[in-house]
2 protein chains.
Amino acid sequence: MIVTCVHVYVKPDHIDDFIQASRLNHEKSTQEAANMRFDVLQHQNDPTCFLLYEAYESKDGAAAHKQTEHYLTWRKTVEPWMAKPREGVPYQVIAPEERGKW
Amino acid sequence: MIVTCVHVYVKPDHIDDFIQASRLNHEKSTQEAANMRFDVLQHQNDPTCFLLYEAYESKDGAAAHKQTEHYLTWRKTVEPWMAKPREGVPYQVIAPEERGKW
C-alpha cells in the first residue's frame with residue numbers, strides 16, 4: 001500500500017475552478033480498482049493550498065492512475081491555474097494494515 | 001469534517017518505538033465516535049518522518065481526541081523520541097462529502 005500526498009498551490013482566482021475539476025477527478029479515481037482513497041482537502045488558513053491524499057494498493061496501481069483519461073484531463077485542465085508546481089510526497093502505510101479498513 | 005495532518009520527526013534510534021506507540025494510538029483513536037480515519041504513514045525516502053492523517057466529523061471531535069487517555073499516553077510516551085516539534089496542518093474536506101465514505 002502506498003499513499004502520495006500531493007500539495008497543490010492554486011491561483012486565487014481559480015480556487016472554485018480547481019475544486020470543481022478535482023471533485024470530478026475524485027469521483028473517477030475512487031472507481032479505479034487499485035484505489036483505496038482519493039481525498040481532496042483545502043487548507044483551513046490558506047484557501048489556495050490543497051492536499052490530494054491518494055492511497056493505492058500498490059506502486060503499480062498508483063502509476064496506472066497517471067495513465068487514466070480522468071487524470072490526464074485533470075492535469076491538463078488545472079495546469080494554467082497552478083501558482084507553482086505541485087509537490088508529491090510518497091509514504092508507506094503503517095496503519096491501518098488491513099486493506100478492508102481503507 | 002476536519003482533517004489534521006500531523007508531521008512528526010523522530011530520532012533515528014526510536015523509529016520502531018514510535019511505530020509501536022502510534023499503532024496503539026491508531027487502534028484506540030479509530031474507536032472514538034467522531035473519528036473518521038487515523039492513518040499512520042512513514043515517508044518512503046526518510047524513515048524518520050511520519051504523517052498522522054487524523055480525520056474527524058467536527059472540530060469538537062478533533063478537540064475531544066486530545067483529551068483522551070490514549071492520546072495523552074501517546075504524547076507523553078513519544079515526547080523524548082521527537083527530533084523536533086510536531087507540526088499540525090488543518091484542512092477542510094472537499095471530497096468525499098458523504099460521511100459514509102470515510
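**Entry 1. The cis peptide bonds**

I began in chain B of this predicted model, at Pro96(B), which I located in the segment after E4 of chain B. I noted that the bond joining Ala95(B) to Pro96(B) is a cis peptide bond, with omega about 0°. I then turned to chain A, where a cis peptide bond joins Ala95(A) and Pro96(A), again with omega about 0°. Pro96(A) sits in the segment after E4 of chain A.

**Entry 2. The contact between the chains**

I looked up how the two chains meet. I found 22 residues of chain B in contact with 22 residues of chain A. On the chain B side, the elements giving two or more residues are strand E1 (2-10), helix H1 (15-29), strand E2 (35-43), strand E3 (49-56) and strand E4 (82-95). E4(B) gives the most, with seven residues. By residue class, I recorded 14 nonpolar, six polar and two charged residues on the side of chain B that touches chain A.

Strand E4 (residues 82-95) of chain A pairs with E2(B) in the antiparallel sense, over four bridges. Within E2(B), I identified His43(B) as the bridge partner of Tyr91(A).

**Entry 3. Helix H1 of chain B**

I then checked the helix H1(B). It has 15 residues and spans 20 Å from its first C-alpha to its last, close to the 21 Å expected at 1.5 Å a residue. I listed its buried residues as Phe18(B), Ser22(B), Asn25(B), His26(B) and Ser29(B). Viewed down the axis of H1(B), these buried residues fall within an arc of 105°, so they line one face of the helix. On the face turned away from the buried side I found the exposed residues Asp16(B) and Gln20(B).

I also asked what covers the buried residues of H1(B). The cover includes E4 of chain A, together with E1, E2, E3, helix H2 (59-65) and H3 of chain B.

**Entry 4. Val78(B)**

Phe18(B) is one of the buried residues of H1(B). I also recorded a separation of 16 Å between the C-alpha atoms of Val78(B) and Gln67(B), which are eleven residues apart along the chain.

Technical notes
Residues numbered from 1 in each chain as written. Chains lettered and ligands numbered in written order. Predicted model: local features only at pLDDT ≥ 70, side-chain atom pairs only at ≥ 80, totals over all residues. Contact = placed C-beta atoms within 7 Å. Nonpolar A, V, L, I, M, F, W, Y, C, P; charged D, E, K, R; others polar. Pairing = 2+ DSSP bridges. Expected span 1.5 Å × (residues − 1). Buried ≥ 20, exposed ≤ 12 C-beta atoms within 10 Å, placed from the backbone. Arc of directions from axis to C-beta.
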